[in-house]
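Open the model in your viewer and turn on side chains. This tour goes from one selection to the next and says what is there.

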Amino acid sequence: MKLFLFCLLLFPVIVNAQQADSLRSDTSKSKKLKEVVITATRTAKYLMNVPMPVSTISNKEIKNRGLVRLNEILNEQTGLSVLPDAHGQGIQIQGFSPDYTMIMLDGMPLIGRTTGILDLSRITTNNIEKIEIVKGPVSSLYGSEAMAGVVNIISATPALGTSGSLAARYGTNNNVDISLNGAYATKRLSVSAFANRYSSSGYSLQPQSGSPTVSPFYGYTLNGRLTYKFSDRTNFKIQARNYTNTADNNFTVDSGQVTGKGKETDLNINTALTHRFSDKFTGELRFYHAAYSTKSNLNYIATGTAYDQTYFNQEFNRAEAQGDYQWLKNLRLTGGAGGQYESVVATRYNKKQTFNSGYAYGQADWTLFTKLNIIAGGRFDTHSVYRSQFSPKLAASYQLSEKFVLLASTGKGYKAPDFRQLYLNFTNAVVGYSVFGYEEAYNEVLKLEAQGQIQSILIDPATLQKLNAESSTAYNFGYRYRPIANLMWTVNVFRNNIRDLIDSQPIAIKTNGQSVFSYFNIHDVYTQGAETDISYSLLKNWTIAGGLQYLEAYDQSVLDKIKAGQVFGLDPATRETIKITKSQYGGLLNRSKYMANARIAYQDDKSGIITSVRAIYRGRYGFSDLDGNGIVNRDDEYVKGYVLFNASVSKLFYHNQLRLQVTAENLGNYKNTAAISNLPGRLMYAGITYNFNKQ
């Protein structure tokens, strides 16, 4: 690993030094990366000069691959892994669980994490301009939930005149995705509307169980956006998005067959007023409202009695002001302040729960000697429940030449305890276990004791420590290297030290033998590794690209116990108890040590043919604990590594206005019915898109 990192970091420095003189004398042949990004700094900045790990996915690339949902496109990116659970598919970045990555739409956070995961399949990609991905903590700008990074979906801006598009895709499992987009724009006024219908008949990886893995569903997304330019200095924007989804459930449990509908809604309204007070100072006011709800109405078929009658309603409101001041030619200051109000009402909470919070952030972007860029900043958050947080950040980039930029950054991130960890009150009626949030545990255990349901107390609820926010200190170091115009190579080495990780553990045993759980700050963990991406265009029409991530993710307390000889396991062959060594410890669950991807693409503008083949490799990862020691240490506790092959072919007609496309995912038909619920096998799609634009 150390030799691998050393070679990655040193090789381009040597090559760059050898080329430096020729680059200075032949700058006309060099090509800077001119793409502008905003998420990493909250201001527009050239991607090549951003001193943090940032990547983008363009609308063109998404369409060329034939992918229409956010989970589909993110799963093909280096260093990202899409993880499924019963509530959807989330994203893992730098070894962090999906809870720690903020998903944003035009700079505002999406809500609706019932178990920590925000389901990426809720989001269509048919009306976006691009996706920006920042890896590493961005709490210095965005606060809680940005501990691992940020994924920002940026909506498309309509071209002048009248424009529109119609897109449809149909495929395996009766998967239907239909989108209609229309817009009208002048130099002052822009109005756009978007509608999407997404449905599937679902699938079952284990038909003999009588229950589908994914139930049949249909969903709608409606978007509207209006921007108005009052003058050359003042702009106003309002946009709204409404997503609804209905699942038709029909499954088997021990007590009989269950049927009924599950409904989900997600509403976002975002307004912004921007005014340029002078050539140096610009201010912006933003107001944001989000509402997310689920409702389950499930009944036994035989008796008509209720099986699951639950609901979950969450609201999020934010008001924020930001200012950008170009103090000097080479120094830009950005600052802002805001307040938030959050609430949740749900079946599994005793009453309506609320959070109030306020924050202020500041950032200085300073360029020295035209080559060195330093960004320093921080954010202070106050909260009605947990203690205040300060999240600083320092980042720098140094341009050795127009083609080679060194990057380094360090910063702190945090994640606040959520409603579930503080206020959950849930008892599984079938199995009999209970889970209580920190604020509920003491009173609920007393009630169970009074009812004679407690056999023994493992941890006295009166002694529970107040939950602290989880926090991390991160270090990222790497480079962007473009030795020739058609070759781009990026490398990033990272380390994240995470403290006070929140997890559940038993605090009591019931008389039925089941446990009572609550939440604690019990883990100090770290993730570290390296990732690299390379893309090369050749022979005018061809592009080859690939990426690799190496990851280590460990619980420090487990490593300490292993070092002290206090961790034991069961040998599956001899059934004897053995002492576990560090080399046997597989680290945190669901983390692959190796992940990689490769892509070859062909595009001929003359014939209108576009095709690509992609491969995604995920190395083996820990999945279960079969010998009961709380860690992964045996080969039969892993999911084996696998490779997925995706491909697409499209043909453009009528001046590129009409596209016919065939897309395939998981061509090799890989399945793991016991461990991976979001791989139903080979998926085939046929699609058609028509675009028009009248200037």
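**Stop 1: a loop residue**

The model is predicted. Select Ser-144, in the loop between helix H4 (139-142) and strand E9 (149-155). Is Ser-144 buried or exposed? Ser-144 counts as buried because its relative accessibility is 18%, and the cut-off for buried is under 20%. Now show what surrounds Ser-144. With neighbours within four places in sequence left aside, Ser-144 is in contact with Met-102, Tyr-414, Lys-415 and Ala-416.

**Stop 2: a pair between a strand and a helix**

Side chains of opposite charge can pair when their charged atoms come close. In this model the count of salt bridges comes to 27. Select Arg-169 and Glu-72, whose side chains form one of them, with 3.1 Å from N to O.

**Stop 3: a pair between two strands**

Select Arg-241 and Asp-266. They form a salt bridge in which the closest N and O atoms are 2.9 Å apart. Which parts of the chain does this pair tie together? Arg-241 lies in strand E14 (residues 234-253) and Asp-266 in strand E15 (residues 256-276), so the pair ties together parts that are 25 residues apart in sequence. Arg-241 is buried, with a relative accessible area of 7%. Asp-266 also counts as buried, because its relative accessibility is 0%.

**Stop 4: a pair within one helix**

Move to helix H6 (residues 438-450) and select Glu-444 and Lys-447. Their side chains meet in a salt bridge, with 3.5 Å from N to O. The two residues are three apart in the helix, so about one helical turn separates them. Glu-444 is buried, with a relative accessible area of 10%, whereas Lys-447 counts as partly exposed, at 45% relative accessibility.

**Stop 5: a network**

Last, select Glu-61, Arg-65, Glu-76, Arg-599 and Arg-614 together. What joins these residues into one network? They are joined by salt bridges that share partners.

Terms used
Residues numbered from 1 in each chain as written. Predicted model: local features only at pLDDT ≥ 70, side-chain atom pairs only at ≥ 80, totals over all residues. Heavy atoms only, no water. Helix = DSSP H or I, 4+ residues; strand = E, 2+ residues; numbered from the N terminus. Buried < 20%, exposed > 50% of the residue type's maximum accessible area, 1.4 Å probe, protein only. Contact = heavy atoms within 4.5 Å. Salt bridge = Lys/Arg side-chain N within 4 Å of Asp/Glu carboxyl O.
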